[in-house]
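This briefing is written for a reader new to the structure. Please keep the sequence and the 3D view at hand while reading.

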Amino acid sequence: MNTPLNSRQIRAFSVLARTGSFTQTARELHLTQSGISHSMKALERETGCRLLDRLGKKIVLTQAGEQLLHHANKILQEMENAQEALTHLGKWGRGRLRLGASMAACQHIIPPVLREFKESFPDHAITIAPGDTPELVPLLLRHKIDLALTLQAEKEQQLDFHPLFTDELQFIVGAIHPWAQAGRVERSEIPRQSYILYNKQSVTFRLVENYFRREQMVLNTVIELGSMEATKELVKLGVGVSILASWIAQKEIEEGSLVALPLGRRKLNRHWGILHWRGRRLNLAEETFVGLCESATAPMRR
């Protein structure tokens, strides 16, 4: 058997096995008896087996026919399941949204966006893959996620970047740190500090490293962390200085436990947005998600 089985033949075979009658099968499928007969002969040729025997006016299955029926019923059930799933998918509000997002976005941007999204798409299944830009880009390219809310990646020919906002990285220090007390940073003191910096594989770390390389400085990194929350707690305790965007530490800055100070005369900006496949038209749910992200990040643009 070199060619796939014909689904119409499989369906006719299944009905014939149940009814045992060409006449009844033809009636149920709205076909002629001759059409059913020719279809079964073609199926036997394709399988290379005799599938049916006649016992008077009754049609019975051979051993090969019984074996085929066992698989045919599974095939037809899967086809029915697929049709039902596609029918549900075509109805308003049903579907899936597979997201990728940085840890900062997962904590500060995604929650209010998804709260509003679920009001419009209550039956959508939502999955979120947390990770930094270098981890999310391969997931997009392998079609494991649909959208990624993250920092702008290096030029990737297959992806488009929908910009949302730009932030500024600053020194973040505890309230009792000498820089916080003075309200400014002495350039000569920068290399002498101990730093708590974000994950070396991240875009943020690379930006920080390049910035201070241009300033002809090397930072003394004593702790490397993948958690913004842990970083902020260590800075509060005076373990070291960190470099973060102020919106990530907004609560702590407002309550006075942390202080944000400029890196220097030159600003260090990052560009946030949504990555997706180039040329692929976003569906309604994806467009809605992008629009909600624009609304949620509007204060950051100001």
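The second largest cavity is lined by L197, Y198, T204, F205, V208 and I243. In this predicted model, local features need pLDDT of at least 70 and side-chain atom pairs count only at pLDDT 80 or more, while totals for chains, interfaces and linings use all residues. Residues are numbered from 1 along each chain as its sequence is written, and side-chain values use heavy atoms, with hydrogens and water left out.

**Cavities**

- A cavity is a set of points, on a 1 Å grid over the protein atoms alone, where a 1.4 Å probe fits but cannot get out, and lining residues have an atom within 4 Å of a point.
- Grid points are joined across faces, edges and corners, and a volume is the space filled by probe spheres set on the points.
- Rolling a probe the size of a water molecule over the atoms shows where empty space is left.
- The second largest cavity has a volume of about 40 Å³, and β7 (194-198) and α9 each give two or more residues to its lining; helices (H or I, at least four residues) and strands (E, at least two) are DSSP runs, numbered from the N terminus.
- With 3 residues, α9 supplies the largest share of the lining of the second largest cavity.
- The lining of the second largest cavity divides into 5 nonpolar residues, 1 polar and no charged; Ala, Val, Leu, Ile, Met, Phe, Trp, Tyr, Cys and Pro count as nonpolar, Asp, Glu, Lys and Arg as charged, and the others, Gly among them, as polar.
- In the whole structure, the search finds 2 cavities of 30 Å³ or more.
- The largest cavity holds about 100 Å³ of space, and of the 14 residues that line it, S102, D132, L151, Y198 and T204 are the closest to its centre.
- Two or more residues of the lining of the largest cavity come from each of α5 (103-108), β5 (147-151), α9 (203-214) and β11 (268-277).
- By class, the lining of the largest cavity has 7 nonpolar, 5 polar and 2 charged residues.

**Pockets**

- A pocket is an open set of points with protein on both sides within 12 Å along at least five of seven lines.
- The largest pocket contains about 230 Å³ of space; R187, I190, L263, G264 and R265 are the closest to its centre among the 14 residues that line it.
- The lining of the largest pocket is made up of 8 nonpolar, 1 polar and 5 charged residues.
- The second largest pocket contains about 180 Å³ of space, and its lining consists of L197, F205, V208, E209, F212, R213, M217, V218, L219 and T221.
- The largest share of the lining of the second largest pocket, 5 residues, belongs to α9.
- The lining of the second largest pocket comprises 7 nonpolar, 1 polar and 2 charged residues.

**Helix α10**

- In helix α10 (residues 228-236), the buried residues are M228, T231, K232 and V235; buried means under 20% relative accessible area, exposed over 50%, and partly exposed in between (1.4 Å probe, protein chains only).
- Seen down the axis of α10, these buried residues fall within an arc of 95°, so they line one face of the helix; the arc is that of the directions from the helix axis to the C-beta atoms.
- The cover over the buried residues of α10 includes β6 (159-174), β7, β8 (220-225), β9 (241-245), α11 (250-255) and β10 (258-261).
- S227 caps the N-terminal end of α10, with a side-chain oxygen 3.4 Å from the backbone nitrogen of E229.

**Residue T25**

- T25 belongs to helix α2 (residues 22-29) and is buried, with a relative accessible area of 0%.
- The side chain of T25 reaches the backbone oxygen of S21 at 2.8 Å; a polar contact is a pair of N or O atoms within 3.5 Å, where within protein one must be able to donate a hydrogen and the other to accept it, and residues adjacent in sequence count only if both atoms are side-chain atoms.
- Leaving aside neighbours within four places in sequence, T25 is in contact (heavy atoms within 4.5 Å) with A12, V15, L16, T19 and I36.

**Positive phi in loops**

- Most residues other than glycine have a negative phi.
- H30 is not a glycine, yet has a positive phi of about 60°; H30 sits in the loop between α2 and α3 (33-47) and is exposed, with a relative accessible area of 71%.
- H143 is not a glycine either, and has a positive phi of about 60°; H143 is in the loop between α7 (133-141) and β5 and is partly exposed, with a relative accessible area of 47%.
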